[in-house]
Amino acid sequence: MVFDVKDLGRSPGSMRTLKEHVPAPSDFGVALIGVQEGSDIGLDLRLEAVHEGILVSGTAVAEVTGECGRCLDPLAYDLEVNVQELFFYEGVLLSDEEDEGEQRRVEHDLIDLEPVLRDAVVTMLPFQPVCREDCQGLCSECGVRLEDEPGHHHEDVDPRWAALADLAKPDRQN
């Protein structure tokens with residue numbers, strides 16, 4: 001997702017909007033949920049030249065798909081994230097407090113929005129996605145969906161006491 005910003009020059013105050021749909025790159029999510037590779041990401045951004053570089057601000061909308069972390073049902077919804085990032089011009093010296101590795105750069109009049117969008121989208125994804133807050137999930141013993149069988153349970157007998165349970169049976173022969 002590389003965009004040309006040559007038309008903005010190095011003139012603080014010059015600005016343009018960017019309204020596009022771009023395909024999502026791979027690995028745009030976490031284990032259970034994310035943006036499907038190749039699906040549309042809608043960009044509504046403003047590119048503005050400032051003294052230090054190009055300020056990118058606006059929103060991005062992507063369809064998120066995945067599965068519930070409790071019952072494994074499929075999930076799908078639109079996620080809108082805010083984007084704001086300053087891309088520094090080549091040759092601009094950074095102050096001592098700013099880490100060179102964490103700063104984005106305008107390289108050959110181009111900016112790469114992929115890492116910025118990845119950071120914005122992935123940080124907004126739920127760590128443990130659920131279909132509903134009250135989702136009961138699956139039985140840990142047999143895997144049955146607990147929503148389908150509300151009274152579902154298993155007899156939990158400690159194997160150390162199993163021999164004593166046989167002694168309590170009334171039809172036991174002595």
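**Figure 1. Threonine 59 in its strand.** Threonine 59 is found in strand S6, where helices (H or I, at least four residues) and strands (E, at least two) are DSSP runs numbered from the N terminus. The model is predicted: local features need pLDDT of at least 70, side-chain atom pairs count only at pLDDT 80 or more, and totals for chains, interfaces and linings use all residues. Residues are numbered from 1 along each chain as its sequence is written, and side-chain values use heavy atoms, with hydrogens and water left out. Threonine 59 counts as buried because its relative accessible area is 19%; buried means under 20% relative accessible area, exposed over 50%, and partly exposed in between (1.4 Å probe, protein chains only). Leaving aside neighbours within four places in sequence, threonine 59 is in contact (heavy atoms within 4.5 Å) with Gly42, Leu43, Asp44, Leu45, Glu80, Val81 and Asn82.

Figure 2. With a relative accessible area of 16%, serine 57 is buried. Not counting residues up to four places away in sequence, serine 57 touches Asp44, Leu45, Arg46, Val83 and Gln84. For valine 56, again leaving aside neighbours within four places in sequence, the contacts are Leu45, Arg46, Leu47, Val83, Gln84, Glu85, Phe87, Ile111 and Leu113.

Figure 3. S6 and S7 pair in the antiparallel sense over 15 bridges; two strands pair if DSSP finds at least two bridges between them. Valine 64 has tyrosine 77 of S7 as its bridge partner. Six residues separate the strands in the hairpin of S6 and S7, in which leucine 72 takes a positive phi near 70 degrees. S7 also pairs with strand S8 (residues 104–105), in the parallel sense and over two bridges. Here the bridge partner of phenylalanine 88 is arginine 105 in S8.

**Figure 4. The largest nonpolar core.** A nonpolar core is a set of buried Ala, Val, Leu, Ile, Met, Phe, Trp, Tyr and Cys residues joined through side-chain atoms within 4.5 Å. The largest such core has 34 residues, of which Ile41, Ile54, Val56, Val83, Ile111 and Leu113 touch the most other members. At least two residues of this core are supplied by each of strand S2 (15–23), strand S4 (33–35), strand S5 (40–49), S6, S7 and helix H1 (114–124).

Figure 5. A search of the whole structure finds one cavity of 30 Å³ or more, and the largest cavity has a volume of about 30 Å³. On a 1 Å grid over the protein atoms alone, a cavity is a set of points where a 1.4 Å probe fits but cannot get out, and lining residues have an atom within 4 Å of a point. Grid points are joined across faces, edges and corners, and the volume is the space filled by probe spheres set on the points. Ile41, Ala60, Val61, Ala62, Leu79, Val81 and Val121 line the largest cavity. Strand S6 (53–67) and strand S7 (74–88) are the elements that give two or more residues to this lining, and the largest share, three residues, comes from S6. The lining comprises seven nonpolar, no polar and no charged residues, where Ala, Val, Leu, Ile, Met, Phe, Trp, Tyr, Cys and Pro count as nonpolar, Asp, Glu, Lys and Arg as charged, and the others, Gly among them, as polar.

How values were computed
On a 1 Å grid over the protein atoms alone, a cavity is a set of points where a 1.4 Å probe fits but cannot get out, and a pocket is an open set with protein on both sides within 12 Å along at least five of seven lines; lining residues have an atom within 4 Å of a point.
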